[in-house]
Amino acid sequence: VLAMLPDRFDVLFLASFCLAVLGVAVILLFVDAPEPQVDASPAAAPSMGTAAGLLRDARFRGLFVTAGVLSLAAVSDAFVFLVLQHRVGFSAAMFPMLYVGVSLGNFLMAVPGGGLADRFGRLPVFLAGHALLLVVYALLLLPQIGGVHVVVCLVLLGGYYAATDGVLSALAGGALPQHLCGSGLAMISTAS
């Protein structure tokens with residue numbers, strides 16, 4: 001859109017808003033996901049205290065700490081893109097395309113990444129995703145980088161997201177009681 005209408009961010013935001021409204025409409029009109037039956041007893045009622053109590057479970061606590069520690073090694077995509085721009089010398093106008101490249105990589109690898117997690121285990125795939133991120137950092141440290149390195153970094157970043165985002169939720173979901181699944185996923189998301 002910006003290539004056809006330079007400096008018309010209002011058109012870009014309006015197009016994005018319309019697509020978002022269309023997405024919500026599709027979910028509301030065509031997705032019928034019944035809520036799971038949850039024990040309605042007072043002991044099962046979610047609260048901040050019961051959510052924090054999830055950290056008493058060693059499995060969930062380990063995942064919570066692991067997700068938080070590994071997220072400390074993950075810098076913002078924007079910083080990676082700034083390093084690429086500085087090293088390769090492309091225009092700042094290319095920044096939106098870098099985000100598109102990462103999203104495209106994630107889009108293409110998310111389902112295969114989920115299949116690998118189902119086949120070989122969620123934790124190995126989650127850790128492999130972080131290994132992909134380390135490869136991105138290693139590429140940024142090479143003495144000479146060019147356009148091919150930019151594309152490889154975008155693909156690897158997409159792979160990192162494909163191997164970590166959904167897989168982390170699946171890991172956490174398996175360690176959570178049904179009545180606190182939403183609270184536990186929110187805690188994992190906050191940690192990461």
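These questions and answers walk through a predicted model of one chain.

Visitor: How many helices and how many strands does the chain have?
Guide: Read along the sequence, the pattern is α-α-α-α-α-α-α-α. The C-alpha trace spans about 60 × 40 × 30 Å along its principal axes. The count is eight helices and zero strands.

Visitor: What share of the 192 residues counts as buried?
Guide: Buried means under 20% relative accessible area. The chain's accessible surface comes to about 12,000 Å², and 72% of that belongs to carbon and sulfur atoms. Of the 192 residues, the buried share is 28%.

Visitor: Among contacts with a separation of 6 or more, what share comes from residues 24 or more positions apart?
Guide: Contact here means heavy atoms within 4.5 Å. For residues 24 or more positions apart, the share of contacts with a separation of 6 or more is 71%.

Visitor: Is I27 buried or exposed?
Guide: I27 lies in helix α1, residues 9-30. I27 also belongs to a nonpolar surface patch, along with L19, L22, V24, V26, L28, L29, F30 and V31. Together these residues have about 980 Å² of accessible area. The cut-off for exposed is over 50%. I27 has 51% relative accessibility, so I27 counts as exposed.

Visitor: How do L14 and A15 class by accessibility?
Guide: Both sit in helix α1. L14 has 52% relative accessibility, so L14 counts as exposed. A15 has 32%, so A15 counts as partly exposed.

Visitor: How far apart are the C-alpha atoms of L14 and H130?
Guide: Along the chain, L14 and H130 are 116 residues apart. For another pair, A15 and L2, the sequence gap is 13 residues and the C-alpha separation is 11 Å. For L14 and H130 the C-alpha separation is 35 Å.

Visitor: Which side chain of opposite charge is nearest to D77?
Guide: D77 is in helix α4, residues 77-88. D77 is buried yet has no salt bridge. Leaving aside neighbours within four places in sequence, D77 contacts Y99, V102, L157 and Y161. The nearest side chain of opposite charge is 17 Å away, and this is R87.

Visitor: Is C153 buried or exposed?
Guide: C18 has a relative accessible area of 43%, so C18 is partly exposed. C153 has a relative accessible area of 0%, so C153 is buried.

Visitor: How many disulfides are counted?
Guide: A disulfide is a covalent bond between the sulfur atoms of two cysteines. The rule asks for a pair of cysteine sulfur atoms within 2.5 Å. By this rule the number of disulfides is zero.

Technical notes
Residues are numbered from 1 along each chain as its sequence is written. This is a predicted model: local features need pLDDT of at least 70, side-chain atom pairs count only at pLDDT 80 or more; totals for chains, interfaces and linings use all residues. Side-chain values use heavy atoms; hydrogens and water are left out. Patches are made of residues with over 30% relative accessible area and no salt bridge: like charges are joined within 9 Å, nonpolar side chains (Val, Leu, Ile, Met, Phe, Trp, Tyr) within 5 Å. Accessible areas come from the Shrake-Rupley method with a 1.4 Å probe; for residues, only the protein chains shown count as cover. A salt bridge is a side-chain nitrogen of Lys or Arg within 4 Å of a carboxyl oxygen of Asp or Glu. Helices (H or I, at least four residues) and strands (E, at least two) are DSSP runs, numbered from the N terminus. Buried means under 20% relative accessible area, exposed over 50%, partly exposed in between (1.4 Å probe, protein chains only). Lys and Arg count as positive and Asp and Glu as negative; His and the chain ends are not counted.
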